[in-house]
Amino acid sequence: MLTARGWWFLLITLTVLLAASLLPGQTTLAVITLALLFWFLAEWLRFAIGALLVARQLSLVRELHDARGPVDSLWAGRQFQVMVRVRLRGLLRLVYARIGDHAPYGIETPEGIPEWEGEVTPERPIHITYPIACPATGLVRFEGLAVKLADLQGFFYHATFVPDGRIYRVLPVLESAGSATATHKPHNLLPPPGVHRQRRPGGGGELLDLRDYLPGDPPKLIAWKVSARRDRLITKEFESEVPVRCTLFVDASNSVRLGPPGQNALARLVEIGARVAQSAAGNRDLVGLVVFDEQSLEQVRPARSRRHLVDLLRRLADAAARAPAAPHAPVERLLPLAYSFAQEVYPDWLRSDRNAFPFWLPWLSPPPAWAKRFPRPGDRLFARFPLLLPAFFLLGVSLAGAIMLLLARWLSRMHARPEYIAGIMALAALALLLVLIEVPRMLFRQRRRHYRWRKQLSAILSVEHGLAPGGLSLLLEDDFLFARHMQRWLAEHHLPVPLTLYDPEGHYQYAAAGKIDVLAQGLLRAVGKGRDNELYVLLVDLLELEDRLGPLLRAIKVAMARHHQVLVVCPWPPGLPLPGQAVPPSAGFDPVQTMLQMAVTDRFHHAFHRLRRTLARLGVLMICAAEGEPARLIVDKLDRLRSVRSGPAIKR
Amino acid sequence: MIRDHATDGTRLYETICIVALGAQFVLLLERGFGSLTLLPLIIGAAGLLGRGRWHGQPLVLWRIAPPVLVIAIAVPLLLPTVSQLLNLPKALDIPVREAIGLQDLLLAVAVLAYIAAHYRLQGLEATPLPADPRQTGRTEASQRPLPASEMFSLALELLLWPVLALLAWDLLPRWYDLGLDPTIWRTLLILWLIGMGALLASSILNYLGRRRMTRAEAELMLQDILWRETRREQRRIGRWSAWKNKNRDPLT
């Protein structure tokens, strides 16, 4: 709590006070330094009351506004205004505070986030307002307010946080009406064999039949020309509207979550799904959604109300916010990110009276290497630190003794004066002592620091995830559990985590093979509950799984046998040339880099083409999500289905 | 945003510093310190004038002026006693005084005024918060307004603490002693009273702070206490659990 300025001032004042009180006749100096000391202690007391008691009374109310007023959800691609009102309850005040909102990851602040500073009183609430823009669909979490307290002199400092974990959905970009309609009008389409038409009278646009007028028929349905010809009233009968049903299967597995939120394959698939849903809703077609991953799926049956569309968009936004989780997450790479986040958002939970770390623990009881799955040489050495340390000291003291002896002999041979010898020996002893102290401190410095961070984070995770009271120790010792809980914690706070694509044994961790079975079951269930001629759009990454598609192909065959249409949209890795494009020459000639790039591109191109061929044999079209406009193509397909189902009218 | 002009608050604190320096100079001169009275004046004036910046950071002279002023005030006051004790050639013929007078009070007020005003001036010119080592470049000036209560509290402090210090110093030697030298006894008593007072206040505040903890914070604290008390057993269990998990398929 005491800053460097405070420490120096206290030290000098106390020293002078001691001198004044020990020496006779120093009344004036004693009164001066006592006055300074009393003033310092009073400032400390006032600050401590503010930091420990008054700061707890801060509360905040947050609202997000657009041009029309407060909103509960955000929309991608639009600007909003964040308004935060901070109040201090009670009677006391804070002499100096600097308050700023903690910006969530995933939003842009074009004007930065302003910080308010000054005296905080109960009578005067604080208002902080700033604009934000949301570039990508998903979820954003506002953590709360970062509050930094100080006294007016700068002697004391305390950082705290007013938590207000609030999550807002960022819904996909709103399409304007007609922006994704079909690009061409189909002509002269004959219905393929086996297609059923709904030959029932209804309110559609196609004429079904003509019949004699019955009392009660509405006048607008009278066919006047035919009635004039036949000299009696004839009524027209129209076909029922043929609703077209479309179900979107959106892949939300680990394989599409790789990359920064908003720029990964999942964001692209969600964007396509949202556009299709909005266009279909505009045409009053029924759209359903299935979001699946390696373990489970969420299904929404096709419908076409406004509320249903909003529900779809919300589910897509929730899916876009899913973070990748690696079975083998590198603890060393997650620790700095997690700890720096904890320092900002959980400063009170890292205080030594609540979350202490004994300084001697990494020296005398470091984590053992035998408990790690893949121990490195550094881990094994660090585990033996308690043995290395005494050995080092013994060696060091012996060496120091030998050096001192040699130095003494050399100085006596040089016939130096005794006081010079004593001085030089004292300096040499001091230097050697410093070396003996500093060298061990430099050993494993980062590991000791990481051990401290890990202990403090384990304590926080244990409380947050309900593992207390024994969870602290389990997380401290078990890398597997700790990595899993830390990923979960970072995902809850919507922070991207650094990941390794391959585990220590060289296996790719993000193929997500389990999703094929889940997708196949979902497709079969949808086919089982489906009506006639539905369109199933599979927005799924299959590039790494071309040899494991058996269950999915069988499900597709079942769907095709029921006269449904299936379309596959495959996301494409960003930065890679599209299928059919060559690798561009690299700017600086680096043959290894170029060869790697060519090999990866070739692999993906071949996988894409093989998949396309496999699906084409079943009559399924596969397109690349990064190529052209997949959403428009899907809407086109829906429109064709509608035309096919309507067909030409049969006149009697 | 960089301020181009001094605000009212800055000017007010500058004025207080200048007046305080002047008062110190006059009071020390009156006591016969001669050329030594220039030392605190030079240090104080240099602290006010040295408000430049080097690579965006305030100059050291500007930052350390208040504690150095305390030393600069102590030097002329200690010199007669030290020279007497060490039998040094008497450069100054200033009698050593034990009695407390109004001059002592005024000098204490002047020194406190300069130090408090100078630190608050630093807080206005930059910020009272410690520098963030992650941020390089110019420290921006504070934008906070100066409330009237701040000046009122400063005036109150300038009156209260020197008077209390005077009373405390006057009262202390009259308490009973334990056969120790009076100066040593007084020193020990001061340290003990200040230390015990700070400890008591700190304990009360900590207790009140703990009463206001949230449930999660209390759980964190209790968990930590349990861990410290049973660390060895928990460590053993944790390490066996880690050994069991290290061969586990991470996908399950």
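Which residue is the bridge partner of A:Arg141 in β9(A)? In this predicted model, A:Arg141 is partnered by A:Ile167 of β9(A). Strand β8 of chain A covers residues 138-150, strand β9 of chain A covers residues 157-171, and the two run antiparallel, joined by 12 bridges.

Both strands belong to an open sheet of five strands in chain A, in which the order is β3-β9-β8-β5-β6 and the pairing is mixed. The edges of the sheet are taken by β3 (74-75) and β6 (115-120) of chain A; each has a single partner strand, so one side of each lacks a neighbour in the sheet.

Between the two chains, 90 residues of chain A make contact with 89 residues of chain B. The size of an interface is often expressed as the accessible area lost when the parts come together. For chain A and chain B the buried area is about 8000 Å², with 68% of this area given by carbon and sulfur atoms. Five salt bridges are counted between chain A and chain B. A salt bridge is formed by the side chains of A:Arg46 and B:Glu157, with an N to O distance of 3.8 Å.

The greatest contribution is that of α6(B), with three residues. B:Ile184 lies in helix α6 of chain B. B:Ile184 is classed as partly exposed because its relative accessibility is 39%, between the limits of 20% for buried and 50% for exposed.

Technical notes: Residues numbered from 1 in each chain as written. Chains lettered and ligands numbered in written order. Predicted model: local features only at pLDDT ≥ 70, side-chain atom pairs only at ≥ 80, totals over all residues. Heavy atoms only, no water. Helix = DSSP H or I, 4+ residues; strand = E, 2+ residues; numbered from the N terminus. Buried < 20%, exposed > 50% of the residue type's maximum accessible area, 1.4 Å probe, protein only. Pairing = 2+ DSSP bridges. Contact = heavy atoms within 4.5 Å. Buried area = accessible area lost by both parts, 1.4 Å probe. Salt bridge = Lys/Arg side-chain N within 4 Å of Asp/Glu carboxyl O.
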